[in-house]
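Welcome! Please take a moment to look over the sequence and turn the fold around before reading on.

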Amino acid sequence: MTKALKIHIRGYVDIPDEKLEQYCNAFHLQKIKKKDFLLREGDVCGFEGFVVNGCFKVSHTDHNGAEQILYFGIENWWLSDIDSFITGIPSKLNIQAIEDSEILLISKQDKERFYLEIPEIERLMRLKFQRSIIALQRRIIDNLSKSSDERYLDFLKEYPEIAHRLTNIQIGAYLGVTPEFISRIRRKIVSKT
């Protein structure tokens, strides 16, 4: 089950086989059924996860009970609540499977140990964090400067492998629009083709 993880890591850093094997052996596979939670708001996140297959949503529920989706995680994506993982405070996020899924998990203790023992792992995660910050910054700018239509079309263009796996409700919760808006824009797109 670690083959995809090894391929992913090698796409970022050059790492000797024995170090890669040592790192990957620290992960354990967890199978998560559709609608089950990997993390619930209020729990401390003690893991980082690499999605082997399936789809997850990382979300927050506001004081009115509305779900706001921060991001989705599919094959070859990493999942965690980085705030809770680093600080040890209770999570403000939920991580829930949208499909039956499999994820490789590594504990905070093992992660910290490998940062010290294998410099290539620290480099890998620095590169991953940099990309995450870039994506977050771009998303914030888009949310502040683009129309809902533009954000939806950008989402389809940027994440075509995810869009068809989601409901209008999930896409709306990610974009900050209603499911009815998603239905309208989908109908508009279909009528143009």
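What follows is a short tour of helices, sheets and a few single residues.

This is a predicted model, in which local features need pLDDT of at least 70, side-chain atom pairs count only at pLDDT 80 or more, and totals for chains, interfaces and linings use all residues. Residues are numbered from 1 along each chain as its sequence is written, and side-chain values use heavy atoms, with hydrogens and water left out.

**Some ground rules**

Helices (H or I, at least four residues) and strands (E, at least two) are DSSP runs, numbered from the N terminus. Two strands pair if DSSP finds at least two bridges between them. Contact means heavy atoms within 4.5 Å.

**The sheet with β1, β8, β3 and β6**

Let us begin with an open sheet of four strands, whose order is β1-β8-β3-β6 and whose pairing is antiparallel. The edges are taken by β1 (28–32) and β6 (78–79), each with a single partner strand, so one side of each is left without a neighbour in the sheet.

How many bridges join β1 to β8? There are five, and the two strands run antiparallel. In this pair, Leu-29 stands opposite Leu-104 in β8. On to β3 and β8, which pair in the antiparallel sense over six bridges; here Val-51 has Ile-103 in β8 as its bridge partner. Strand β3 (residues 47–53) is also joined to β6 by two bridges, again antiparallel, and Phe-50 stands opposite Trp-78 in β6.

Is β8 largely enclosed or left open? Six of its seven residues are buried, so β8 is largely enclosed by the rest of the structure. Buried means under 20% relative accessible area, exposed means over 50%, and partly exposed lies in between (1.4 Å probe, protein chains only). Helix α4 (residues 108–117) lies across β3, β6 and β8 (101–107), running at about 60 degrees to β8.

**The sheet with β2, β7, β4 and β5**

Four strands form another open sheet, in the order β2-β7-β4-β5, with antiparallel pairing. At its edges stand β2 (37–39) and β5, each with a single partner strand, so one side of each is left without a neighbour in the sheet. From one strand to the next, the twist averages 30 degrees.

Strand β4 (residues 55–61) has five of its seven residues buried, so β4 is largely enclosed by the rest of the structure. Seven bridges join β4 to strand β5 (residues 67–74), and these strands run antiparallel. Across this pair, Val-58 stands opposite Tyr-71 in β5, and Thr-61 stands opposite Glu-67 in β5. β4 and β5 form a hairpin with five residues between them, and Gly-65 in the turn has a positive phi of about 90 degrees. Strand β4 is also joined to strand β7 (residues 94–97) by four bridges, running antiparallel; Lys-57 has Gln-96 as its bridge partner in β7.

**Two helix pairs**

The table sets out how the helices pack. Axes are lines fitted to C-alpha atoms, for helices over the stretch in contact, and angles run from 0 to 180 degrees between N-to-C directions.

| Helix pair | Angle | Axes apart |
|---|---|---|
| α1 (residues 3–10) and α2 (residues 17–24) | about 130 degrees | 11 Å |
| α8 (residues 168–175) and α9 (residues 179–192) | about 105 degrees | 8 Å |

The angle of α8 and α9 makes α8 roughly perpendicular to α9. Angles under 35 degrees count as roughly parallel, over 145 as roughly antiparallel, 65 to 115 as roughly perpendicular and the rest as oblique.

Which residues of α1 and α2 meet? Leu-5, Lys-6, Ile-9 and Arg-10 in α1 meet Asp-17, Leu-20, Glu-21, Tyr-23 and Cys-24 in α2. By class, this contact has five nonpolar, no polar and four charged residues. Ala, Val, Leu, Ile, Met, Phe, Trp, Tyr, Cys and Pro count as nonpolar, Asp, Glu, Lys and Arg as charged, and the others, Gly among them, as polar.

In the other pair, Asn-168, Ile-169, Ile-171, Gly-172 and Leu-175 in α8 meet Pro-179, Ile-182, Ser-183 and Arg-186 in α9. The residues of this contact divide into five nonpolar, three polar and one charged.

Thr-2 lies in the segment before α1 and is buried, with a relative accessible area of 18%. Not counting residues up to four places away in sequence, Thr-2 touches Cys-24 and Leu-104. Lys-192, in helix α9, counts as exposed at 69% relative accessibility.
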